[in-house]
Amino acid sequence: MADRHLSVGAAPRSRSPLSDVASLGNSPGVVRGVAADVIDGRVMAAALRARVADEVRCLTASHGIVPGLAVVLVGNAPASEIYTATKKKMSVQVGMRSFAEHLPPSASEGELIKLIERINRNREVHGILVQLPLPAHIDPRKVITAIDPAKDVDGFHPLNAGRLVSGQAALIPCTPLACIRLAKSVHPSLAGLEAMVIGRSTIVGKPLAQLLLSENATLTVAHSRSSDLPTLARRADLLIAAVGRPEMVRKDWIKPGATVIDVGINRVTREGESQIVGDVAFEEASGVAAAITPVPGGVGPMTIACLLVNTLRAACALSALPPPKL
Ligand code: NDP
């Protein structure tokens, strides 16, 4: 399995799966041309976190600045508790300060906004993240708008969204950033590629579309009203699924030799066991694609690594220092 994995710095490839059938390898468990290379998000994320840790050390040594990330959780949803604990652990591991704020599920919108305003004023905090989803009685748009845009490391504030669209420096949502890094591990330049994003949410699909355009890809964005998705998808050299429908993308949706990035995180029960699957039917898709991200172990870990990059960027910008080279 390991030698099917592409990691950071992997050489770009432009092969068709058919061309490799002629040279079937004998590596254990691997038959080239039948199974796609797996883009290993865990390995890439570990490498990126190590680079963030180096930059944090330099920033602290030369300027006395310790980047701080505040994670705000409202309620006790088990998945959200796991996500916030992971973000806290990873930020501490790269040498950042972690601030955890936990409000009960009954907390009001006003209480949450007051808390955010207090964190906005805390000079030790450079990045603020409010774990979504929020309880139904709280409007996430009001909460996100209350975050200081300079500390908005999720990149959801309308000011950052507008800056991204207009090509200005912005804090950019982490999952789209992660997708671009994963895609670039296969295609160092995305210019001229036919790219397709399935999903147009504010947090994934739309910012990802902006990033792909800024990388000069030729773009199609599909959604629940798009017709004949399989035909549209089969045109894509780079297919990114951010839908939230378990294994919706089948092998006949994929152009032979395409790169497939699977953003989906879907909990399903199979044979009495709970498991996480993506939006792409991984096993069958990897018989057609040239490279594919797994779920779990693809976009998820890279998203958290990109959150740390954003926190470091915010810390530098708030201190009027140049952005880190990451
Ligand atoms: P949303 O529910 O906000 O958006 C889903 C998008 O998919 C919408 O644009 C919707 O279309 C579209 N869609 C839904 N059903 C279909 C369909 N049958 N055919 C075509 N398009 C469809 O989800 P998110 O963008 O927040 O998340 C998408 C997935 O990514 C989820 O599984 C989520 O858990 C995962 N995720 C993973 C992250 C990670 O770190 N790995 C981070 C964030 C999300 P329309 O606009 O018309 O309704």
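This is a predicted model: local features need pLDDT of at least 70, side-chain atom pairs count only at pLDDT 80 or more; totals for chains, interfaces and linings use all residues.

Residues are numbered from 1 along each chain as its sequence is written.

**The chain as a whole**

The secondary structure of the chain comes to 11 helices and 12 strands; helices (H or I, at least four residues) and strands (E, at least two) are DSSP runs, numbered from the N terminus. Of the chain's 326 residues, 44% count as buried. A residue is buried if 20 or more other C-beta atoms (placed from the backbone) lie within 10 Å of its own, exposed if 12 or fewer, and partly exposed in between. Among contacts between residues at least 6 apart in sequence, 69% join residues at least 24 apart. Two residues are in contact if their C-beta atoms, placed from the backbone, lie within 7 Å.

**Around the ligand**

The ligand is surrounded by 25 residues, and the closest are Gly-199, Ser-201, His-223, Ser-224 and Gly-244. Ala, Val, Leu, Ile, Met, Phe, Trp, Tyr, Cys and Pro count as nonpolar, Asp, Glu, Lys and Arg as charged, and the others, Gly among them, as polar. The largest share of the shell, 3 residues, comes from helix H11 (residues 299–318).

**Two partners of H11**

Helix H11 also packs with H7 (residues 174–184) and with H3 (residues 78–93). Axes here are lines fitted to C-alpha atoms, for helices over the stretch in contact, and angles run from 0 to 180 degrees between N-to-C directions.

| Helix pair | Angle between axes | Distance between axes |
|---|---|---|
| H7 and H11 | about 115° | 8 Å |
| H3 and H11 | roughly 55° | within 10 Å |

With its angle of about 115°, H7 is roughly perpendicular to H11 (65 to 115 degrees). H7 passes H11 in a right-handed crossing, meaning the near helix is turned clockwise from the far one by less than a right angle. On the H7 side, the contact includes Cys-174, Leu-177 and Arg-181, while H11 brings Met-302 and Cys-306, among others. This contact has 9 nonpolar, 3 polar and 1 charged residues.

Thr-86, Lys-87, Met-90 and Ser-91 of H3 meet Ile-304, Leu-307, Leu-308 and Thr-311 of H11.

Most residues other than glycine have a negative phi, and most peptide bonds are trans. Where does this chain depart from that? The peptide bond from Leu-132 to Pro-133 is cis, with omega near 0°, and another cis bond joins Val-295 and Pro-296. Pro-296 sits in the loop between strand E12 (291–292) and H11.

Asn-216 has a positive phi near 70°, and Glu-247 has one of about 50°. Buried or exposed? Asn-216 counts as exposed, because it has 12 C-beta neighbours inside 10 Å; Glu-247 has 20 and so counts as buried.

How values were computed. A residue is near a molecule or strand if its C-beta atom, placed from the backbone, lies within 6 Å of it. Angles under 35 degrees count as roughly parallel, over 145 as roughly antiparallel, 65 to 115 as roughly perpendicular and the rest as oblique.
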